[in-house]
Amino acid sequence: QARLVESGGGLVQAGGSLRLSCAASGDTFSTSVMGWFRQAPGKEREFVAAIHWRGGITKYSESVKGRFTISRDYAKNTGYLQMNSLKVDDTAVYYCAGGPGWTSTDSYDYWGQGTQVTVSS
């Protein structure tokens with residue numbers, strides 16, 4: 001059974017950086033997409049970024065384009081989300097997911113447990 005585990009969240013000041021990791025067990029991403037989503041209190045889960053595991057094609061939401069970078073490491077079966085120039089509005093629980101992709105939560109089959117990112121002003 002596929003399993004995803006996120007790490008790397010924490011508290012950071014506005015303008016700072018964090019790197020999230022998503023470690024996958026099993027063949028979760030071999031022929032599909034890894035996505036990152038986030039959910040702030042009282043809001044719906046929203047798409048942040050996604051990468052095709054084999055081809056490396058990426059997609060970003062407009063709100064993070066130019067600030068966040070998604071990547072993956074085949075050898076470690078791990079995906080990453082580098083977050084720079086963080087804003088208070090980026091505060092949320094961040095989830096990684098695996099599936100056919102791309103931007104809809106319905107198009108992902110596997111989800112991690114989430115990691116909290118808090119950006120202070």
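Let's start with R45, which counts as partly exposed because its relative accessibility is 29%. Here, buried means under 20% relative accessible area, exposed means over 50%, and partly exposed is in between (1.4 Å probe, protein chains only). R45 sits in the loop between β4 (33-39) and β5 (46-52). The strands are DSSP runs (E, at least two residues), and helices are DSSP runs too (H or I, at least four), with numbering from the N terminus.

Before going on, a word on the model: it is predicted, so local features need pLDDT of at least 70 and side-chain atom pairs count only at pLDDT 80 or more, while totals for chains, interfaces and linings use all residues. Residues are numbered from 1 along each chain as its sequence is written, and side-chain values use heavy atoms, with hydrogens and water left out.

Who does R45 touch? Leaving aside neighbours within four places in sequence, R45 is in contact (heavy atoms within 4.5 Å) with F37, R38, Q39, Y95, T105 and W111. Take Y95: R45 and Y95 are 50 residues apart along the chain, yet their C-alpha atoms are separated by 9.1 Å.

## The whole chain

Now zoom out. The chain has 11 strands and 0 helices, so reading from the N terminus you get β-β-β-β-β-β-β-β-β-β-β. Along its principal axes, the C-alpha trace spans about 40 × 30 × 25 Å. For 121 residues, a compact globule would have a radius of gyration near 14 Å, and the 13 Å of this chain agrees with that. That radius is taken over C-alpha atoms, and the globule rule is 2.2 Å times the number of residues to the power 0.38.

How much of the chain is buried? Buried residues make up 45% of the 121. The accessible surface comes to about 6,100 Å², with 46% of it belonging to carbon and sulfur atoms; such areas come from the Shrake-Rupley method with a 1.4 Å probe, and for residues only the protein chains shown count as cover. Look at contacts between residues at least 6 apart in sequence, and 54% of them join residues at least 24 apart.

Charges come next. The chain has 12 positive and 10 negative charges, and their mean positions are 6 Å apart. Lys and Arg count as positive and Asp and Glu as negative, while His and the chain ends are not counted. Each charge is placed at NZ of Lys, CZ of Arg, CG of Asp or CD of Glu.

The structure holds 1 disulfide, meaning a pair of cysteine sulfur atoms within 2.5 Å. This one joins C22 to C96, with an S to S distance of 2.0 Å. The two cysteines link distant parts of the chain: C22 is in strand β3 (residues 18-25) and C96 is in strand β9 (residues 92-99), 74 residues apart. Both cysteines, C22 and C96, are buried. The torsion about their S-S bond is about 60 degrees, so the disulfide is right-handed.

S21 is in strand β3 as well. With 16% relative accessibility, S21 counts as buried.

S17 lies in the loop between β2 (10-13) and β3, while L86 is in the loop between β8 and β9. Which is buried and which is partly exposed? S17 is partly exposed because its relative accessibility is 39%, whereas L86 is buried at 2%. These two residues are 69 apart along the chain, and their C-alpha atoms are separated by 6.2 Å.

Apart from neighbours within four places in sequence, L86 is in contact with several residues, among them V12, S17, F68 and V119. By the same rule, the contacts of S17 include V12, M83, S85 and L86. As for S17 and F68, their C-alpha atoms are 9.4 Å apart.

S85 is in the loop between β8 and β9. S85 has a positive phi of about 50 degrees although it is not a glycine, and its relative accessible area of 42% makes it partly exposed. N77, in the loop between β7 (68-73) and β8 (78-83), also isn't a glycine and has a positive phi of about 50 degrees.

Finally, the peptide bond from G101 to W102 is cis, with omega near 5 degrees. You'll find W102 in the loop between β9 and β10 (110-111).
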